[in-house]
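Please examine the sequence and the structure shown below. The briefing that follows is arranged by topic.

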Amino acid sequence: MSVSPAWDPQQYLRHAGHRARAFVDLLARVPDPPVERPRIADLGCGPGNVTRLLADRWPGAHITGYDNSPEMLDKAHADHEGPTPGGGRIDFAPADVRTWAPSEPYDLIISNATLQWVPGHVDRFGAWVDALAAGGTFAFQVPGNFDSPSHRLMRELAHSDRWKDRLDGTLRHGDAIHTPAAYLAALADLGCEVDAWETTYIHLLQGEDPVLDWVKGTGLRPVLAELGPDADPFVADYRAALREAYPPTTHGTPFPFRRIFVVARKPGANR
């Protein structure tokens with residue numbers, strides 16, 4: 001990728017309810033940390049809306065959200081930073097998850113829909129698990145929809161004669177993530193007790209071209225960044241393909257979305 005995507009918090013949050021559902025489901029399977037005031041890292045916190053859910057679950061925790069997008073961090077600082085009613089606090093800091101190394105022990109390291117942007121992220125697991133306190137947890141979810149029409153059609157268009165010279169290497173492929181079984185094996189090899197599963201949500205989206213509106217907040221960002229003011233013809237062709245792949249119904253536009261979840265607990269503390 002020759003141009004880093006610029007993130008738009010307002011566009012991302014247009015589907016905040018649907019996007020947050022996977023984090024809520026992940027959080028439901030995360031065990032309580034071994035201490036009353038846990039130290040928590042949220043990797044790829046975005047605008048901080050799901051980081052706030054961590055404080056709702058553990059109001060005494062010190063939670064730091066890390067992200068490499070200034071736009072997302074500005075929104076997170078403005079909307080969610082500060083003390084929590086339970087005596088904890090939320091803060092945010094710039095960091096690139098591709099190189100982030102814990103500088104202190106954490107009771108929970110969690111990541112929501114971020115690791116698919118990190119090539120070789122499994123290689124980072126060892127350092128992150130090592131940084132967990134005894135009985136701590138590493139948990140994450142990633143989208144598993146790289147072979148769905150929303151992503152496949154984007155790649156096919158990017159590889160067409162019109163765009164391939166400008167967009168070669170810009171988009172991620174299915175190898176951006178691994179299977180639940182592969183994640184389980186990698187973390188079990190590190191000595192963790194692992195729970196891994198997958199779910200396909202059928203989001204019912206509303207409005208005109210809602211699937212395009214969704215991907216404008218995430219997967220399409222690298223294309224928009226690379227093409228800049230020349231993106232309109234690409235978006236027009238992509239819109240037409242998405243309309244055919246995801247026809248609306250009288251109730252809205254069904255958008256199947258597969259996600260992969262992993263919760264890995266480090267041994268060494270009483271449950």
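This is a predicted model: local features need pLDDT of at least 70, side-chain atom pairs count only at pLDDT 80 or more; totals for chains, interfaces and linings use all residues.

Residues are numbered from 1 along each chain as its sequence is written, and side-chain values use heavy atoms, with hydrogens and water left out. Helices (H or I, at least four residues) and strands (E, at least two) are DSSP runs, numbered from the N terminus.

**The sheet**

- Eight strands form an open sheet with mixed pairing, in the order β3-β4-β2-β1-β5-β6-β8-β7. Two strands are said to pair if DSSP finds at least two bridges between them.
- The edge strands are β3 (82–83) and β7, each of which pairs on one side only.
- Strands β1 and β2 run parallel and are joined by five bridges; Ala41 has Thr64 of β2 as its bridge partner.
- Strand β2 also pairs with β4 (residues 89–94), in the parallel sense and over six bridges. Here Gly65 has Phe92 of β4 as its bridge partner.
- The pairing of β3 with β4 is antiparallel, over two bridges, and Pro83 stands opposite Arg89 in β4.
- The hairpin of β3 and β4 has five residues between the strands, and Gly87 in this hairpin takes a positive phi near 95°.

**Strand β8 and its neighbours**

- Strand β8 (residues 253–265) is largely enclosed by the rest of the structure, because ten of its 13 residues are buried. Buried means under 20% relative accessible area, exposed means over 50%, and partly exposed lies in between (1.4 Å probe, protein chains only).
- With β6 (residues 132–143), β8 pairs in the antiparallel sense over seven bridges; Val142 stands opposite Ile260 in β8.
- With β7 (residues 193–205), β8 pairs in the antiparallel sense over 13 bridges; Asp195 stands opposite Val263 in β8.

**Helix α8**

- Which residues of helix α8 (residues 180–189) are buried? They are Pro180, Tyr183 and Leu187.
- These residues cover an arc of only 65° around the axis, which puts them on the same side of α8. The arc is that of the directions from the helix axis to the C-beta atoms.
- On the other side of α8, Ala181 and Asp189 are exposed.
- The buried residues of α8 pack against α5 (125–130), β6, β7 and β8; contact means heavy atoms within 4.5 Å.
- After α8 comes Gly191, with a positive phi near 90°.

**Nonpolar cores**

- In soluble globular proteins, nonpolar side chains tend to be buried together. A nonpolar core is a set of buried Ala, Val, Leu, Ile, Met, Phe, Trp, Tyr and Cys residues joined through side-chain atoms within 4.5 Å.
- The largest nonpolar core has 26 residues, and those with the most contacts inside it are Trp100, Ile109, Leu115, Trp128, Phe138 and Phe140.
- The elements that give two or more residues to this core are β1 (39–43), β5 (106–112), α5, β6, α8 and β8. Strand β6 gives the most, with four residues.
- Not counting residues up to four places away in sequence, Phe138 touches several residues, among them Ile109, Leu115, Trp128, Leu187 and Val262.
- A second, separate core of 25 residues includes Leu26, Ala61, Ile90 and Val263.

**Residue Ala61**

- Ala61 lies in the loop between α3 (51–57) and β2 (62–67).
- Is Ala61 buried or exposed? Ala61 counts as buried because its relative accessibility is 1%.
- Beyond residues up to four places away in sequence, Ala61 touches Arg37, Pro38, Ile40, Gly88 and Arg89.
- The C-alpha atoms of Ala61 and Val35 are separated by 9.4 Å, and these residues are 26 residues apart along the chain.

**Helices α6 and α11**

- Two packed helices are described by the angle between their axes and the distance between the axes.
- Helix α6 (residues 149–158) and helix α11 (residues 232–245) pack at an angle of about 145°, with their axes 10 Å apart. Axes are lines fitted to C-alpha atoms, for helices over the stretch in contact, and angles run from 0 to 180 degrees between N-to-C directions.
- Residues that make the contact include Leu153 and Leu157 of α6 and Phe234 and Tyr238 of α11.
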